[in-house]
Amino acid sequence: MVEDIINRAEPAAKKLREHEGEIRVIGQYDADGINATAIMYKILERLDKEFNYEILKQLYEEDVERIAQEEEELLVFVDIGSGQSDLIKEHILTKDKQVIISDHHDPAITAEESENTENLVHLNPHYLGYDGGEAISAAGMTYLLAKAVNTENTDLVHYALIGATGDVQKQEGEFLGLNQQIANEAIEEEMIQRRKGLDLYGRTTKPLQKSLMYTTDPHLDGVSNNESGAIQLVKSAGVEIRQKGSFRTLADLNPDEEKKLIDTMIKHGHPVQELLNNVYTLENGYEIDEFSTIINACGRLGEPRKGVKILLENDLDLAEKISRKYGRKISSSLRYVEDNKQNEEVVYEKQIGVIDGNSSIDEDFIGTVATISMSNGFFDTEVVMGVAQAEKGKVKVSSRAEKAAVENGLNLGEIIDQICEELDGEGGGHNVAAGAKIPQENKEDFIQRLNQEVSEELA
C-alpha cells in the first residue's frame, strides 16, 4: 500500500522541512529521473528552501567523490543512488553530511545496513517487499515523499505516472502494483483522464495516419511503416482524415468514428485486441506515453534541464521542438541499422540480437534503437542488445527482453550486474531492461557472456 511508503518517508520529510541551508538534488537523466527531480524541485520550492540540482547519466564513484566535496550539507538523490549506496556511505556519509535517497533500483546495501547508517534516509520499495522494476518508479517514490511533506502536494501526482510510464511500468495500457493506486488518485484529482480506446503513439498530437504507420508492435500488414496504406485504411473506414484543412489526430475522432476505424481494422485482419487498452491523457492534452517519450528525449539529447522546464512550466512549445529534434535523431540511428543489416559485424543474432553502433549511434540513443528494433520484428530473438562507443574508453550497453522471456524467469538486470562484476563494468537495471558501461576491450567478452547467460536461462 502507498500508505506504507508515505509512513516510511516521514523521516525524510522531517529532514527536508527542518533543514537550514542549501540543499543539493542529484537526479538521473531519463524520464523517471527528470520527473522525480521536478517533484523534488516543487517540494523544496514550496518549503522555501535554497537549493540547486544537477542531472547525471550515471552516478560513478568519481561523481560520488566529487559530490562529497560540495558545500551543501543535505544531499538528495532521486532515481539514482540506491545502486551506489555503498559508495555514498563510504565517501559522503563519512563527511558528516545528511543524505536522502529516493529510488527504486536494487540497493547496494541491505535494509538493516541502511537503517543503521547514521545521517541516511533511504527510501526504496525493495526494503518494503515491493518490486521496484514494476510496482513503482523513483518518481512515484518521490511523489509519496512529497505527500509525507505536505498532503497538499497531490497536484504533483501526474509526474509520478509520467515517470513510471518512462520506466515501462505500464503494460497493456495499465499501471502495475503501487502505480495503480497512484493512477486512481490522479484520476480522482482530475490530473489525468482514463478511457478505453486504440492505444497508438501520438494519439493526441500526430496525424491519424502517422499514428497508424508508427504502430509496429503489433505489426499491421500494409499499414506499419506505410503512410499511404495507413491513409487508405482510414478512408476505407469512412472516416474523414482532414478537418478544416488540417489532419485529424486519433483523439479528434468521436466514439462512433473510432468504432468504425476499429471495425475496419478487424475486417482487414489486424490484431486490434492488442491495441485496445486504457488510454491516459494528461491535462495538457498529451497522451502520457508520448509525453513521457518527450521528457525522456530531453535526457537523451543531453538537455535534461529542458525536461524539468517542460514539466514545471508546461512549456508545450519546447516539448514540440524536442519531439522534432528527437525524431530526426532516431530516424538517423535506425537508418544506420537498416543500412548495415547485411553486415554481420554490425547487426547479427545468436541467442540474442546484437546491434553494434560503434561511434555511428550515440550512446544515449542505443537503448531506444534496441527497443524499436525488437518491437518491429527486426530480430527473431527474445533479447536484443545494442552497444555504442562511450566516453573514457568505455562502451555503453543497452539490452531489452520480450515480456515472455521475463515471465519465464529471465532477469536482465541480475545477469548484467553479474557480468559487470566479472568484466570490470558498472551496470544493472530491471528484469525487462538493463544497461552497463564496460571497458572497450571487454566488449566482445560481454556479448559472448550475455549470449551464454540468456541461452542458459531460456533453455
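I looked up V149 first: its relative accessibility is 10%, so V149 counts as buried (buried is under 20% relative accessible area, exposed over 50%, partly exposed in between, with a 1.4 Å probe and protein chains only). The model is predicted, so I note that local features need pLDDT of at least 70 and side-chain atom pairs pLDDT 80 or more, while totals for chains, interfaces and linings use all residues. Residues are numbered from 1 along each chain as its sequence is written, and side-chain values use heavy atoms, without hydrogens and water.

**Around V149**

I placed V149 in helix α7, residues 138-149 (helices are DSSP runs of H or I with at least four residues, strands are runs of E with at least two, and both are numbered from the N terminus). Which residues does V149 touch, leaving out those up to four places away in sequence? I found A13, L16, R17, I43 and L47 (contact means heavy atoms within 4.5 Å). I also checked V149 against L56: they are 93 residues apart in sequence and 25 Å apart in space, C-alpha to C-alpha.

**The parallel sheet**

Strand β1, residues 23-28, runs parallel to β2 and is joined to it by 6 bridges (two strands pair if DSSP finds at least two bridges between them). I read the whole sheet as open, with 5 strands in the order β2-β1-β3-β4-β5 and parallel pairing. Why is one side of β2 and of β5 left without a neighbour in the sheet? Both β2 (51-56) and β5 (120-123) stand at the edges and have a single partner strand each, so one side of each has no neighbour there. From one strand to the next, the twist averages 15° (axes are lines fitted to C-alpha atoms, for helices over the stretch in contact, and angles run from 0 to 180 degrees between N-to-C directions).

**Two asparagines with positive phi**

I looked up N119 in the loop between α6 (111-115) and β5. N119 is not a glycine, yet its phi is positive, about 70°. Its relative accessibility is 16%, so N119 is buried. I then turned to N225, which sits in the loop between α10 (208-213) and α11 (227-236). The phi of N225 is also positive, about 60°, and N225 is not a glycine either. Is N225 buried or exposed? N225 is exposed, at a relative accessible area of 56%.

**The mixed sheet**

I found an open sheet of 6 strands with mixed pairing, in the order β12-β13-β14-β15-β17-β16. Its edges are β12 (347-349) and β16 (426-429); each has a single partner strand, so one side of each lacks a neighbour in the sheet. Direction ignored, neighbouring strands here are turned by 15° against each other on average. Helix α19, residues 443-458, packs on this sheet and touches β12, β13 (353-356), β14 (383-389), β15 and β17. The direction of α19 makes about 170° with that of β14.

I went through the pairs in turn. β13 and β14 run parallel and share 4 bridges; I355 has G386 in β14 as its bridge partner. β14 and β15 run antiparallel, joined by 7 bridges, and V383 stands opposite A401 in β15. These two strands form a hairpin with 4 residues between them, and K392 in the turn has a positive phi of about 60°. β15 (394-401) and β17 (433-439) are also antiparallel, with 7 bridges; there R400 is partnered by A433 in β17. How many of the 7 residues of β14 are buried? I count β14 as mostly covered, with 6 of its 7 residues buried.

**Cavity and pocket**

I counted 1 cavity of 30 Å³ or more (on a 1 Å grid over the protein atoms alone, a cavity is a set of points where a 1.4 Å probe fits but cannot get out; a pocket is an open set with protein on both sides within 12 Å along at least five of seven lines; lining residues have an atom within 4 Å of a point). The largest cavity has a volume of about 30 Å³ (the space filled by probe spheres set on the points, which are joined across faces, edges and corners). Its lining is I5, R8, H122, N124, Y127, L128 and M141.

The second largest pocket has a volume of about 180 Å³. Its lining includes H158, Y159, E283 and F291. I noted α8 (157-166) and α14 (304-313) as the elements that give two or more residues to this lining.
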